[in-house]
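Reader: I have a model open and want to go through its contacts. Can you take me through it, beginning with a charged pair?

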Amino acid sequence: MRVGVLTGGGDCPGLNAVIRSVVRKGVQEYGFDFVGLRDGWLGALRNEVLPLGVSGVRGILPRGGTILGSSRTNPFKHEDGVRRIQDTLAAHRIDALVVIGGEDTLGVAAELNRQGIRIVGVPKTIDNDVPGTDYTFGFDTAVGVATEAIDRLHTTAESHRRTLVVEVMGRHSGWIALHAGVAGGANVILVPERPFDIDQVCAWVKSRFEFNYAPIVVAAEGAVPQEGQMILKDRSLDEYGHARLSGVGEWLSQEISRRTGTDARTTVLGYIQRGGTPSAFDRWLATRFGLHAVDAVSDGDFGTMTALRGTDIVRVPLPDAGTGTKRVDPSLYDEFGVFFG
Ligand code: F6P
């Protein structure tokens with residue numbers, strides 16, 4: 001069997017670990033042949049295919065990014081998208097695809113699978129928001145990076161007696177903000193799932209100053225004030241209809257300064273959370289996802305994706321586009337209210 005592998009959407013640490021384990025097990029145990037499709041669905045549309053063998057995946061386990069490249073291309077936004085993908089698969093005699101992506105890429109995979117393309121999915125994203133799996137790889141690394149940043153920001157905030165707002169990634173879900181905020185001892189954590197009251201945020205900031213500490217406010221980029229809308233610097237949309245986020249952190253520090261009369265600054269962590277080497281946990285999870293994905297291909301169990309349930313890897317249906325993201329449960333968020341202010 002010849003299997004194509006592609007990585008779509010925003011990159012994340014651990015993608016190469018999945019590619020490596022898919023290829024290693026696929027070649028060594030099942031005698032499969034592999035090719036890579038360049039830049040996610042874009043390579044499938046443009047017929048950009050590269051050879052992928054065991055020698056090509058040596059040494060990539062600890063490397064961030066993806067050796068296959070990635071993009072946010074949505075084939076359904078391109079004329080004849082499905083037919084062009086079918087032509088590419090036929091031209092290279094590709095029997096099945098392993099698609100490594102987040103909810104957008106996997107939503108496309110679910111639809112293409114319904115249209116007859118044989119696909120097994122692997123969920124990835126630093127945001128940890130793919131439904132059906134307890135965790136995605138990439139998330140643990142991002143939380144580690146953000147926690148280290150928060151630890152560092154505590155000391156400079158205290159030296160200057162100012163508030164530091166830390167904006168982390170998380171478009172629809174506040175998983176990174178919540179985990180890194182709790183691990184880093186933040187005084188305020190703002191997530192998209194819970195629109196925030198700016199007066200309450202300022203009250204928490206003031207009370208923190210009263211105890212002679214400098215406040216650390218961690219905000220997911222998708223956090224929204226109760227009064228108003230998402231704060232955006234850039235309104236242009238990608239092919240999945242997502243605006244480019246970032247802006248709430250800057251807005252928060254300005255409002256905190258204006259309303260409390262104290263100094264406040266913002267650090268936007270941005271792509272630092274996505275780049276670089278994966279944590280040990282992410283390498284472990286990505287490797288297991290790859291091994292189980294190639295088993296699913298061998299079993300002919302298409303239309304499924306690997307998922308983590310507790311400590312087991314299971315197969316679940318590919319999430320349909322529009323299923324929505326996995327969000328932070330309100331009761332989980334409320335557990336940490338005791339640390340606010
Ligand atoms: O999907 C992960 C993510 O990190 C989001 O939190 C963020 O909004 C987005 O990617 C930004 O990625 P890009 O600028 O590459 O579209």
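Author: Asp11 and Arg274 form a salt bridge, with their closest N and O atoms 3.0 Å apart. A salt bridge here is a side-chain nitrogen of Lys or Arg within 4 Å of a carboxyl oxygen of Asp or Glu. This is a predicted model, in which local features need pLDDT of at least 70 and side-chain atom pairs count only at pLDDT 80 or more, while totals for chains, interfaces and linings use all residues. Residues are numbered from 1 along each chain as its sequence is written, and side-chain values use heavy atoms, with hydrogens and water left out.

Reader: What does Asp295 pair with?

Author: Asp295 forms a salt bridge with Lys25, the closest N and O atoms being 2.9 Å apart. Asp295 lies in helix α9 and Lys25 in helix α1, so the pair ties together parts 270 residues apart in sequence. Asp295 counts as buried at 15%, and Lys25 counts as buried at 17%.

Reader: And Asp80, which side chain does it meet?

Author: The side chain of Asp80 meets that of Arg83 in a salt bridge, 3.1 Å from N to O. Asp80 is partly exposed at 41% relative accessible area, and Arg83 is partly exposed at 40%.

Reader: Change of topic. What does the domain assignment give?

Author: Domain 1 (2-137 + 278-317) and domain 2 (140-275). Such bounds come from an automatic or database domain assignment. The centres of the two domains, taken over C-alpha atoms, are separated by 32 Å. Their contact takes 24 residues from domain 1 and 18 residues from domain 2.

Reader: How much area do domain 1 and domain 2 bury?

Author: Domain 1 and domain 2 bury about 1,700 Å² between them, 49% of it on carbon and sulfur atoms. Buried area is the accessible area (1.4 Å probe) that two parts lose on being put together, summed over both. In domain 1, Arg72, Ile126 and Asp127 lose the most area to domain 2, together 34% of what that side buries.

Reader: How many salt bridges and polar contacts across that interface?

Author: The rule finds one salt bridge across the interface of domain 1 and domain 2. For polar contact, the rule finds nine residue pairs there, both residues at pLDDT 80 or more. A polar contact is a pair of N or O atoms within 3.5 Å; within protein, one must be able to donate a hydrogen and the other to accept it, and residues adjacent in sequence count only if both atoms are side-chain atoms.

Reader: Which elements give two or more residues to the domain 1 side?

Author: α4 (103-114) and α9 do. α4 gives the most to that side, with four residues.

Reader: Last one. Where does Leu269 lie, and is it buried or exposed?

Author: Leu269 lies in the loop between β9 (264-268) and α9 (280-299). Leu269 is buried, at 8% relative accessible area. Leaving aside neighbours within four places in sequence, Leu269 is in contact with Ala146, Ala149, Val166, Glu167 and Val168.

Technical notes
Buried means under 20% relative accessible area, exposed over 50%, partly exposed in between (1.4 Å probe, protein chains only). Contact means heavy atoms within 4.5 Å.
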